[in-house]
There are 2 protein chains.
Amino acid sequence: MYKRKTPVTVDCGLHLFMEVVNGKWKINLIWCIYNGIIRPGELQRKIPNATRRVLETQLKQLVSHGILVKKDYETKPPKVEYHLTELGESLIPIIKSTAKWGEENREILEKLVVN
Amino acid sequence: MYKRKTPVTVDCGLHLFMEVVNGKWKINLIWCIYNGIIRPGELQRKIPNATRRVLETQLKQLVSHGILVKKDYETKPPKVEYHLTELGESLIPIIKSTAKWGEENREILEKLVVN
DNA sequence: TCAAGTACGGATAAATTTACCCGTATTAAA
DNA sequence: TTTAATACGGGTAAATTTATCCGTACTTGA
């Protein structure tokens, strides 16, 4: 496992937000789970561009950041579900408004951001 | 200069937002400029933890993403100012609400995010 | 018994971001 | 004429994130 060498900075609230939300697939994961796609296998099929390994890692981070809870039925074969915590739920409107901004300005942004 | 090897993904609006806002010092920069700290030297003194070089690079990206404009007086000695574009201004309320979320949950998040 | 489905994780490579060190040029003031 | 201030950028190292490849264990159905 990778060990950080410099401390995370959390001076302002936005850094806290970024810290939680940063990660190539985290928003997708949160969004999927919000929409009822809650099992690892389902998530992987829904986000096929990410490898299983990466999704697993990012899910783990979201859990450790208090955004998700992992529900393990401890059955064999295994069954696992992820759910949003209260904190995770509180993120949804923020994500929505942020996405709204992006969509509203997509036309301008697409040109500038790509490449 | 670094050359990307994989394309930027812009499927949803939030990715567009993230693409613009990601970068260790970008939010600080936007915030400073919004608050009237608009010259490179000032910015560097305001954000001493970042090297000049990094700020310069991130400012350049913000310009290329349409968030800032660079106003060069073309004098000697040089005088340069950065200003928010309309698009950049439209980012301010989003940043505020995002930061608000972080502050509201700071107590929980600080414990979980640090380390 | 073999293939496919469930899920997890170590080790390491590749990509990307951030930091550091070097240097350029001009002007005003000490 | 040296020092400090203005501003910019190349080249490369270090840190971090993401991807790839390996393997584990158990169960159900063909």
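Me: What makes α4 (52–64) of chain A count among the elements of the surface near DNA strand D?

Reply: In this predicted model, an element is named here when it supplies at least two residues of that surface, and α4 (52–64) of chain A does so together with α3 (40–46) and α4 (52–64) of chain B. A residue is near a strand if its C-beta atom lies within 6 Å of it, and of the 22 residues around DNA strand D, Lys5(A), Thr6(A), Lys24(A), Arg53(A) and Gly41(B) come nearest.

Me: How many residues of the surface near DNA strand D are charged, and how many are nonpolar?

Reply: By class, that surface has nine charged and nine nonpolar residues, with four polar ones besides. The surface near DNA strand C likewise divides into nine nonpolar, four polar and nine charged residues.

Me: How do you know how chain A and chain B are related?

Reply: Chain B is superposed on chain A by a rotation of 180 degrees with 0.0 Å of shift along its axis, and the RMSD is 0.0 Å. The two copies are thus related as by a two-fold rotation axis.

Me: Why is it said that the copies meet through the same surface?

Reply: It is said because 100% of the interface residues of chain B are also interface residues in chain A. The contact takes 34 residues from each of the two, chain B and chain A. On the side of chain B that touches chain A, α1 (13–21), α5 (86–104) and α6 (106–113) of chain B each give two or more residues, and the largest share, eleven residues, comes from α5(B). The residues of this side divide into 18 nonpolar, eleven polar and five charged.

Me: Why are α2(B) and α5(B) called roughly perpendicular?

Reply: Helix α2 (residues 26–34) of chain B packs with α5(B) at an angle of about 110 degrees, with their axes 11 Å apart. Angles of 65 to 115 degrees count as roughly perpendicular, and the two helices are therefore described in that way.

Me: Which residues make the contact of α2(B) with α5(B)?

Reply: From α2(B), Ile27(B), Ile30(B) and Tyr34(B) meet Gly88(B), Leu91(B), Ile92(B) and Ile95(B) in α5(B). The residues of this contact divide into six nonpolar, one polar and no charged.

Conventions
Residues numbered from 1 in each chain as written. Chains lettered and ligands numbered in written order. Predicted model: local features only at pLDDT ≥ 70, side-chain atom pairs only at ≥ 80, totals over all residues. Helix = DSSP H or I, 4+ residues; strand = E, 2+ residues; numbered from the N terminus. Nonpolar A, V, L, I, M, F, W, Y, C, P; charged D, E, K, R; others polar. Least-squares fit on C-alpha atoms with pLDDT ≥ 70 in both. Contact = placed C-beta atoms within 7 Å. Axes fitted to C-alpha atoms, helices over the stretch in contact; angles between N-to-C directions. Parallel < 35°, antiparallel > 145°, perpendicular 65-115°, else oblique.
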